[in-house]
Amino acid sequence: MNSTETWFADLLGQHGVALTPLQLQQFQTYYELLVEWNEKMNLTGITEREAVYEKHFYDSVTLSFFMNMDEIAAMADIGSGAGFPSLPLKICFPHLKVTIVDSLNKRIQFLQHVVTSLSLSDVTCVHGRAEDIGRLPAHRDAYDLVTARAVARLSGLNELCLPFARKGGVFAAMKGADPAEETQEAKRSLSELKGKLSNIHHLKLPFEQSDRHIIVIDKLAATPAKYPRKAGLPLKQPIL
Ligand code: SAM
């Protein structure tokens, strides 16, 4: 193991996430593909190994510190970009059935390539806007867990993500700085989309020490027929 893998495995181990040599190898291949494809397309501004492991891989897995992943069967990751948080979670928790939605086809092609290269099963990469995909019966009110990291402010994000969560399921929005203000601003969209704020978890990244927050929202009932609105509207004209 190199020094990056050592601290990564140690820190996750302290949170009960024990990685096998195969899983560490999958993270390494993921890192190499990320850096290689990033030269041809815009996937991330972070390419240094330590930083990718801390700010992308470790950060993605922090969700599992606050949630029992054994209780999650199907998860959807909305606006996954280069695969965060869903692919690091899938590597650590292979039982997850993952659906990734992103509106940029090039990123979906990258993700598909990562999934094949890492021999990950039960990962479906869907090219499309969340507003359209969230209306399809296969994806609507369907998932135990819906995630979104660094996609939009919560007032708009609720309309993109909550339609995917089943009644009794959870939407986890992964945020940087203190989201108190945007959570306040998102009250109306929460109730319109049948969500209820359950918790806001705070953590710090281990080396950079920057703040992270995970907003956990319970889905109380099926999505009302009028949501999500036409593609573009949820972020341009959020429900306020
Ligand atoms: N979640 C990743 C992360 O944490 O690094 C990527 C964040 S990136 C800033 C936002 C991603 O959301 C982009 O890949 C973009 O294509 C996607 N996106 C934005 N609006 C979307 C929409 N309406 N439906 C689906 N994907 C969307």
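In the predicted model, helix 2 (residues 21–38) and helix 5 (residues 105–117) have axes that come within 10 Å and cross at roughly 150°. Axes are lines fitted to C-alpha atoms, for helices over the stretch in contact, and angles run from 0 to 180 degrees between N-to-C directions. Helices (H or I, at least four residues) and strands (E, at least two) are DSSP runs, numbered from the N terminus. Helix 2 and helix 5 are therefore roughly antiparallel to each other; angles under 35 degrees count as roughly parallel, over 145 as roughly antiparallel, 65 to 115 as roughly perpendicular and the rest as oblique. Their crossing is right-handed, a crossing being left-handed if the near helix is turned anticlockwise from the far one by less than a right angle, and right-handed if clockwise.

Helix 1 (residues 3–14) packs against helix 3 (residues 49–61) at an angle of about 20°, and the axes are 10 Å apart. Helix 1 and helix 3 are therefore roughly parallel to each other, with a right-handed crossing. Helix 1 also packs with helix 2, at an angle of about 125° and with the axes 11 Å apart. Helix 1 and helix 2 are therefore oblique to each other, and helix 1 passes helix 2 in a right-handed crossing.

Residues are numbered from 1 along each chain as its sequence is written. Because the model is predicted, local features need pLDDT of at least 70 and side-chain atom pairs count only at pLDDT 80 or more, while totals for chains, interfaces and linings use all residues; side-chain values use heavy atoms, with hydrogens and water left out.

An N or O atom in the R107 side chain is 2.8 Å from an oxygen atom of the ligand. A polar backbone atom of A130 is 2.9 Å from a ligand nitrogen atom, and a polar side-chain atom of E131 lies 3.0 Å from a nitrogen atom of the ligand. Taken alone, the ligand exposes 600 Å², of which the protein buries 79% (Shrake-Rupley method, 1.4 Å probe).

Two cis peptide bonds involve proline. F84 and P85 are joined by one with omega of about 10°, and P85 lies in the loop between strand 1 (74–78) and helix 4 (86–92). Y227 and P228 are joined by a cis peptide bond with omega of about -5°; P228 lies in the loop between strand 7 (211–219) and helix 10 (233–236). A150, although not a glycine, has a positive phi of about 55° and lies in the loop between strand 4 (143–149) and helix 7 (154–161).

Methods:
A polar contact is a pair of N or O atoms within 3.5 Å; within protein, one must be able to donate a hydrogen and the other to accept it, and residues adjacent in sequence count only if both atoms are side-chain atoms.
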